[in-house]
Amino acid sequence: MDDSTSLSSLNSADFILINKEQPQLKVVAGSEILDLEKNMAEILNETSDNNILMSEANLDEKVSQTSTQQTTESRPDLTSSVLFHGVTYLGSASVNAPRSEEELQRNMAILNEQSKVALEVTLCVPDSAGGVVRLLDPQSEIEIMSYRVSQILFCARGPSNTPLACCWAFTASRPSISVNEQNEKGSIGKNLNEILYQCQIFRCENQDAIYRILLSFSNAFRRTAGATNNQSSISHRTTSFISQAFQGTMTQLQLQTTLNLNQSSNSQQSFDGSIKFRCYFDIKEESTDSKGNVILTSVSRPEKNVFNLRKNVRKSVTVTLQQIRGSPLNIERCFGLLLAQGRNVRASDMQLLDLETMGKSEDNRYYIVRGYWNPLARSFKHLTYLNEETPKGARIFLTVALDIVINGISEPVRFLIEAKARISESNKSNDVNSQDISDTIWSSFKKVTPFTEEFDMTLKQVLSKGSHPDETYEVVTLESKSEAERRAKFCRLTSRIPSTNTGDDDDNDDVIVSGFGHVSKECDEEVLSNWSEILIKWRKNYFERPKGLQLLVRKGIPEALRGEVWQLLAGNVNDENEMINTYRLLLTKESASERIIINDLNRTFPAHEYFKEQGGIGQEALYKLSRAYSVRDEEVGYCQGLSFVIATVLIHMPEEQAFMLLCKLMEDERYLLREMYKANFENLQMKFFQLNCLIEENLPDIYAHFYDLKVECHMFASQWFLTLFTAKFPLYLVFRIMDIFLYEGFNAIFAVALALLKCNQKDLLSLDFEGVMRYFRVSLPKKYLCEDHADELIQTASSMKINIKKLKRYEQEYSINRAEEEQKETPLQRLEADNKRLTETCMRSEFENEMLALELVNDRIKLKGNLHEAEDQIENLTRELEATKVIVRQNEDLAIRLNEELEHIREAFRDTCDELQRTQKMLHDSKQVNKI
């Protein structure tokens with residue numbers, strides 16, 4: 001791996017390694033070299049008085065920066081650390097925010113040129129987040145400075161190909177008040193919670209060593225050490241006897257009250273693997289009050305989970321986490337707060353927010369994380385949908401990820417919160433005319449409830465494999481309430497679809513919804529290794545397919561590689577920038593097929609998560625791609641069926657690359673789909689003739705049976721050809737067919753069609769006309785819900801030999817037959833033939849309408865039954881709600897009584913304290929009298 005490789009993917013969201021590219025945050029560092037040297041001297045020359053300050057602070061802050069030890073010490077324990085020699089410490093500089101690459105590089109430049117305190121050191125990096133980074137003297141191996149890993153917030157290196165390429169730095173925190181300042185105030189430890197951030201600058205001439213150093217930091221933050229003993233900080237401030245007694249009594253009363261309310265007395269606390277969290281989510285925006293001050297106000301939510309956001313306005317995102325069930329877990333810290341547009345997003349699509357604050361509430365019941373979101377920052381430019389005005393009635397999904405480090409769990413736990421947003425112009429936020437009249441009237445009476453999401457976590461106890469065999473936990477499942485509801489709803493919708501083809505299919509007329517099916521991304525290491533070798537050869541010469549590629553394609557392309565391999569198979573590697581610019585230009589033009597495109601959006605892959613949400617990102621990309629191509633090719637425009645092909649491509653790649661691949665499929669000689677989509681469908685009719693000839697040659701029994709029943713190819717193959725088998729078959733089979741289609745061209749479609757007929761020949765030969773039509777529509781797609789049947793079909797299709805010369809001959813025969821028919825037929829004969837065909841079509845349509853009417857009646861009966869069940873459930877839930885309200889009122893009365901009792905106890909305690917004081921005073925006076 002070279003120096004230009006980014007390391008950010010190796011670490012968590014809270015510890016960022018940056019090589020180059022864009023800065024993440026903005027900070028202000030010291031602008032004078034004197035300030036930098038002053039800060040350096042402050043770190044290196046802390047006196048013993050600083051130790052007094054540190055003893056007053058939390059013990060965790062005590063290790064972040066220790067003073068230079070002048071006495072002779074033994075070498076620290078470095079058994080679990082990595083040592084780096086030849087490192088030069090240049091100095092430090094104060095910063096106001098710890099995560100800015102620009103400011104860090106500016107300080108690197110200043111200290112690299114002007115530092116007078118450069119110090120040769122040996123750097124010691126631990127292998128876990130619980131360790132300490134140490135600077136050692138190269139000669140005596142005595143510790144000079146040390147920093148706890150958990151308090152190092154940011155790490156970056158200098159830009160390559162510059163004098164700073166040999167420099168790197170990290171930021172750490174330390175207490176912000178000196179001992180002298182404390183003495184002047186007269187109150188030791190008054191502001192110890194304030195933290196000052198400093199960046200530590202280093203230089204190393206070996207750039208490979210810098211890369212290894214940064215990688216070691218990444219590994220340290222990625223790994224959690226074994227269970228540690230958390231010790232509470234020791235306070236040296238004296239308290240009176242009365243205040244200590246009052247605190248102890250109040251704590252005991254609170255515990256007793258909590259036990260009475262919950263009616264739980266657990267003498268033996270056992271581990272419960274079922275954990276429940278409640279998460280509160282809020283977004284605030286900057287606004288100006290009447291005095292011109294900038295304040296943060298919570299954004300309105302006219303709907304339950306829809307935030308009204310303003311364009312180009314800075315925002316603050318707050319997430320509060322509370323454990324409400326299960327064995328108590330200790331949250332150590334937040335690893336990061338991330339934001340993305342859309343739902344079910346990839347980890348690489350999420351953008352890290354600048355953390356402002358994190359920590360537990362005063363009562364330790366909540367863990368609160370607050371982040372800063374500036375839509376105008378360069379790092380958020382790709383979140384275009386979250387900073388563009390949404391059309392009227394439209395909503396945009398947003399996802400917030402909270403990465404939490406929990407004590408005893410080796411990896412950070414990610415909580416995903418999904419919500420919707422409506423973006424408006426900044427000057428429209430307070431426009432009463434633009435709001436709903438009901439919102440305007442009732443806004444002052446509405447009680448704003450926080451946005452909440454609940455998470456169910458399942459843990460299991462495991463033994464750590466390290467040197468400390470302490471019990472730790474492993475997360476088995478983590479699912480939000482919204483995800484569970486969506487999954488249950490989807491299971492109800494698909495519960496009637498069998499997983500395999502059985503003899504009972506004839507009694508079930510339910511059709512598989514397009515886009516149904518799960519495609520696993522798991523793959524054997526041997527298969528990935530074979531594909532890796534092929535791709536390495538292929539990238540050297542895109543215009544020559546490597547040997548052995550055909551065999552791998554027929555076995556199936558790994559799902560994780562399909563996007564790249566499909567583009568390579570289609571030759572989609574030239575003029576990329578030109579095609580992207582063309583695509584963006586086409587989106588600005590109007591399309592004559594826009595209404596048809598919009599009508600097809602909800603019909604395309606409604607069972608797939610990416611396209612099922614009306615107005616979601618998937619449907620938006622599908623609309624833009626269909627519209628762009630309809631403008632590009634006005635002769636074809638848009639044809640129903642094309643949207644399924646576009647959706648199949650969009651699942652595996654961004655819309656710009658999908659547009660380039662679509663153009664290849666429509667216009668390249670190997671595929672030439674546009675000829676099939678032309679208005680008169682002449683090319684499609686010719687393909688039906690070719691398929692009929694192939695059936696006659698390869699499957700004579702099927703051909704004779706279809707001839708007797710008057711089943712023609714266009715009755716079952718039109719949807720196959722126009723959608724490339726993507727409309728009705730499960731996604732696993734759809735992707736496999738697309739694999740061989742992109743490799744072999746349209747001949748693969750003929751092969752798959754013949755394979756379908758061959759594999760189901762026995763069933764088809766036993767059916768009449770209506771049975772054959774119903775089999776193609778219902779039973780055939782259901783059979784290939786089983787992946788084994790799908791693999792067998794692809795193997796059969798790969799073994800079918802499609803002779804290209806014969807296809808050419810069939811094409812010529814079709815053209816000759818068409819010409820002869822036009823010459824032989826008189827106008828009257830043509831009209832009679834058309835009339836006959838139309839009559840037959842009408843009869844079949846009437847029959848199908850009768851069947852559809854029957855299905856409609858059955859569906860209405862089922863819906864009425866479901867409605868009655870729903871009404872019964874509503875009635876039961878109403879009764880439960882009333883009973884719950886009664887219980888709540890009883891609990892409220894109980895809480896009032898307990899509060900009254902608590903006040904009485906407080907009064908009694910105060911009287912006791914007063915009496916105790918008087919008794920102590922009397923004892924003191926009596927002692928004085930006895931002395932006299």
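Predicted model: local features only at pLDDT ≥ 70, side-chain atom pairs only at ≥ 80, totals over all residues.

1. Helix 14 covers residues 594-601 and helix 15 covers residues 617-632, and the two pack at an angle of about 150°, with their axes 10 Å apart. Since angles over 145 degrees count as roughly antiparallel, helix 14 and helix 15 are therefore roughly antiparallel to each other.

2. On the side of helix 14, the contact is made by Glu594, Ile597, Ile598 and Leu601, which meet Gln619, Leu622, Tyr623, Ser626, Arg627 and Ser630 in helix 15. Sorted by class, the residues in this contact of helix 14 with helix 15 are five nonpolar, three polar and two charged.

3. Turning to the strands, an open sheet is formed by five of them in the order 11-18-17-13-14, with mixed pairing. Its edges are strand 11 (306-310) and strand 14 (351-352), each of which pairs on one side only.

4. Strand 13 (residues 331-341) runs antiparallel to strand 14 and is joined to it by two bridges; in one part of this pairing, Leu339 has Gln351 in strand 14 as its bridge partner.

5. Across the whole structure, a search finds 33 aromatic pairs. Among them is the stacked pair of Trp168 and Phe202, with 4.7 Å centre to centre and 15° between the planes. This pair links distant parts of the chain, given that Trp168 lies in strand 7 (residues 167-175) and Phe202 in strand 8 (residues 195-203), 34 residues apart.

Definitions and conventions. Residues numbered from 1 in each chain as written. Heavy atoms only, no water. Pairing = 2+ DSSP bridges. Helix = DSSP H or I, 4+ residues; strand = E, 2+ residues; numbered from the N terminus. Axes fitted to C-alpha atoms, helices over the stretch in contact; angles between N-to-C directions. Parallel < 35°, antiparallel > 145°, perpendicular 65-115°, else oblique. Contact = heavy atoms within 4.5 Å. Nonpolar A, V, L, I, M, F, W, Y, C, P; charged D, E, K, R; others polar. Phe/Tyr/Trp six-rings, centres within 6.5 Å; stacked < 30°, edge-to-face > 60°.
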